[in-house]
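Please open the model in the viewer and keep the sequence at hand. The tour begins with the whole chain and then turns to a single element.

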Amino acid sequence: MRMTKKVMALAMTAVLTATSLAGCAGNDASNNGTTTSKNAGTTSAASNASTYTGAAPVTEEEGAKVSMLAMNSWYSTVDLSKDAQILDEIQSRANVTIDWNLIDPTIYADTVSPMLAAGTDLQDIVLLPDQDPNMSYIKSGMFVALDEHFDSMPNYKKFLDENPEIKAALTATDGHIYYVPQTVVTNNYQPCMMINVRWLEKLNMEEPKTLDEFVTMLRAFRDNDMNGNGDASDEIPMSVTSAYLPYLFGPAFGLDLVSGFYADDNGTVHYAYYESENYKKYLEFLKSLYDEGLLEMEYTSLNRDQITSRCAQDITGVTFDFSWQMSTLYSAQFADYDGTTPIFKGVAPISGEYEGNYVGRNPVSGIFGVTKNSGNVDLAVKFLDYIMGEECQDLYVWGLKDVTYTEAADGSREYLPRCSEDTVWYQQLGINAPCMPSQQSVPATDVLLAKWHVEVDKEIEKYIKAPFPNVYATDEEASVLSQYLVDIQTYVEQMNVAFISGVNDMSTFDNYLSTLKNMNIEELITIKQAQYDRFMEAYK
């Protein structure tokens, strides 16, 4: 029962990782995965009859409607356009009816992109299929500049004032803000190293703080019968996917290999894979692990399912994943795990010549816009602002009092048992609905996890470093990036594996750098510098 509850809880917190989303089943609604309410496509053209201040109701006008194009639930048996009690409550308080056009998330981008390309018969509010990195939709004139309506958007304006990094990321090159975001947590439950603490205790070793200590620990894991099964040869000291190796080791060499591009303390942008000294040292270190058998030969094909199986067999000592998995997945593989004491526990990052850190995530995970040709812009803008307010955010995260949660006298909350026992019911309510601009909540995540897990996550929080920001590209920048970046990234990935595995000798590293230069990496660095400078200017 423990595993069922915890895996379900991940969905309840709006899904912390893209890989979790990818595993969900598709929507089996008709109409090519779309669900449209009876009056979809119709909107109220009448102006708002009341002065909206950010609180409900949005309007006193009877029969007010806005239409929304967005994702349906990731649960194939759930249709959020029907009987979603939380979403119905929002509409009731706002005195606004939503005409939904909800589309299966697994086909959302493929379905909505052609609709936006046509640019006609769109709903008032649209969840975009991507984050419009090149401002394609903005330049088409399809969406309203929301900052020109901030007098009618007190909730959103307050949100941006409190989150200047999000405001900077959403500021287009023309200085306007066109979208309202969905966001994810950025400083909590982020990727971190996890160690089998029982193995450490058996060896009477401390958690490693440096690269040298880390290697010493791996050797001890490899050379001893850590699981006590009488076989000292079945231990796999480290089980880390190739995607997470940059997270684990890059910062110890002063590199943000996760973002690729990064800004140093002086605001100068670099490409981590083009750093002549530090990146070479990083590769040499990983090659030494590979040569010694501490990094397995098949590391490029290793996946989470295999790591989970190894934990269940107690044959591995180190992994790296989102902090969420610490208790919900890896510790839970042990039959005697009782939820009170960690088995796989998150630890501080390892340091080398540079102090270690963990790279977090950019906060924006999705964006909503108001279409110019809706004929209902005033009400749509105000309704979008209302559903960004604290009242609605509380509903998305917690649901309804005494239906999904209880609240103690001190204000602390707990989800009711049915939330974990009846997944379909809980999702059908509209909790953290993907059709709304919800903001992930750390407190609501904390109550789902073991006490020790929450405490460890709060300790790790101080090591989280923001990644390189997402910044809108100008036409010229977008043209250059599209021309060179994919080829550069492909070449970098191929050479990374070649150097680590020894297919390419490290003596050819200078040739690798020369090739990157010839592939115009320095022009891309110049572009990223300009983008970063714009971001910092908007951040002020």
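Display the whole protein chain, and bear in mind that this is a predicted model. Among contacts in the protein chain with a separation of 6 or more, 77% join residues 24 or more positions apart.

Along the principal axes, its C-alpha atoms fill a box of roughly 75 × 55 × 45 Å.

Next, switch to a surface view. The protein chain exposes about 22700 Å², of which carbon and sulfur atoms supply 47%. Of the 540 residues, 56% are buried.

Now select residues 304-313, which form helix H13. Which residues of H13 are buried? They are Ile307, Thr308, Arg310 and Cys311. These residues lie on the same side of H13, because they cover an arc of only 160° around the axis.

Finally, inspect the two ends of H13. At its start, show Asn303 and Asp305: a side-chain oxygen of Asn303 comes to within 3.1 Å of the backbone nitrogen of Asp305. After the helix, select Asp314, which follows H13 and has a positive phi, near 55°.

Notes: Residues numbered from 1 in each chain as written. Predicted model: local features only at pLDDT ≥ 70, side-chain atom pairs only at ≥ 80, totals over all residues. Heavy atoms only, no water. Buried < 20%, exposed > 50% of the residue type's maximum accessible area, 1.4 Å probe, protein only. Helix = DSSP H or I, 4+ residues; strand = E, 2+ residues; numbered from the N terminus. Arc of directions from axis to C-beta. Polar contact = N/O pair within 3.5 Å; in protein donor to acceptor, adjacent residues only side chain to side chain. Contact = heavy atoms within 4.5 Å. Areas by Shrake-Rupley, 256 points an atom, 1.4 Å probe, with all protein chains shown as cover.
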